[in-house]
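Subject: Structure for your review

Dear colleague,

Please find below the structure that I am handing over to you. I would ask you to look at it first and then to read the notes that follow.

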Amino acid sequence: MSKKIMVMSASIDGRLLTAVKTAKELGMETVAIVRLEDELSVPNADHCYAVDGEDTEQLLEIAKREKIDGVLGVFDKTALSAAIIADEMGLVGNSPECVRTLMEKGRFRNLQKNIGLFSPAHIESDQTEGLKEKCAGLTYPVIVKPVLCSSSFGQTRIEDERELIPAFRNAAEYSRNGAVCIEEFVEHDSLQILEAEVFLVGDEILWDGVYWCYRFPEAPLRPVLCVFPDTLDSRQEMVFKAAVKKALLASGARIGEFDIEGFFTEEGEFFIIEINPRPAGYYAQQDVQLFCGVDYTKLLVTTAVGDLSYYEELKHFQRQRQYLLSYAVFSFRPGVFDHVYIDPAIKEALLVFRAFPGGESGAYIEDIHADNRPVGMAVFGFSSEEEMNRVRDHIRELVYVVLRK
């Protein structure tokens, strides 16, 4: 008998579409959950429902009615619902407590502190009353951020307490539970972050998706450029892996794909900015597969229904690594989109261009500050690190959005 899997997202994005497609190709029956405002039309889905991703009660009813064998929450708003459904129905997944610990900024900082990992001083609050007094022990500058949010929305760096209340109110508007985390700012090169897509089974971790992620000075919170492989030295690699594994296991995580962001402090410690209990966006799974051949989507779908055969296969799979550059193409001005220019000198290196919904020719698009989704992803492969780095350093001159006049 074939398995039935339910994949839940808060938008019709690549994580939902590729998971449903992969499950269908593996012979599974598929149930797709999209937002209330989305059309009930997901390719490869046998059943489709439009439900708020945080309406756990209704989602649980659907899961029981469909008699599912596995559940995936591939977006922030559905990760906790998936954990609750898995817990209630005895399916594969992490506990709701684990997911809450990883998703809520203050709880995760407390976890880091309690297990001896680097963590900045912080406070958490859901009201402005007494806020300045609560922050009296913090050293400015600080970062004011929503406790529950994604894509760096609502975050503000402030230099003194005069900016505290406006920054708090801005963050609270974005936070799904209204709470705000205020933490001391840790100095670093904010334009270069280490990111990782790792896969956990029990206490074993697959580290295939570790890469550098770059931002632009005009939009330092927006990830735009991913470069594979990482260039960590042996000590950095050891420190990074030890910190991530310690945090994951201490949170109670036992299985699944996790998206990690962090950087090394001046003292050489690895500061985990966040661990998201779901895949990264922008088709990160497909980039990992292009980089080394490991299909994280297949791994995620199969393990969700209790099938470890692909995971076991990967223990003997020969990785084929290449130099890879994945560029999220945003516009730097709002306007009517015409096309993406790619310099002829690098067209031979183009492996794939993934157009995103809303990035059709003739559509009005926002700029990089206002839009949380690029018009598409341009992914390039290179034979040498030097060649890749030359393109990386000049990417904005080589690939860019052309607006209609």
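Which residues in helix H12 (residues 385–393) are buried? In this predicted model, they are Met388, Asn389 and Val391. These residues cover an arc of only 160 degrees around the axis, which puts them on the same side of H12. The face of H12 turned away from that buried side carries Glu386 and Arg390, which are exposed.

A residue counts as buried here when its relative accessible area is under 20%.

S9 pairs with strand S10 (residues 204–214) in the antiparallel sense, over nine bridges. Within this pairing, glutamine 192 stands opposite tyrosine 214 of S10. The two strands form a hairpin, with two residues between them. In the turn, glycine 202 has a positive phi of about 65 degrees.

S9 also pairs with strand S12 (residues 255–264), again in the antiparallel sense, over eight bridges. Here the bridge partner of leucine 194 is glycine 262 in S12.

Yours sincerely,
A colleague

Conventions
Residues are numbered from 1 along each chain as its sequence is written. This is a predicted model: local features need pLDDT of at least 70, side-chain atom pairs count only at pLDDT 80 or more; totals for chains, interfaces and linings use all residues. Side-chain values use heavy atoms; hydrogens and water are left out. Two strands pair if DSSP finds at least two bridges between them. Helices (H or I, at least four residues) and strands (E, at least two) are DSSP runs, numbered from the N terminus. Buried means under 20% relative accessible area, exposed over 50%, partly exposed in between (1.4 Å probe, protein chains only). The arc is that of the directions from the helix axis to the C-beta atoms.
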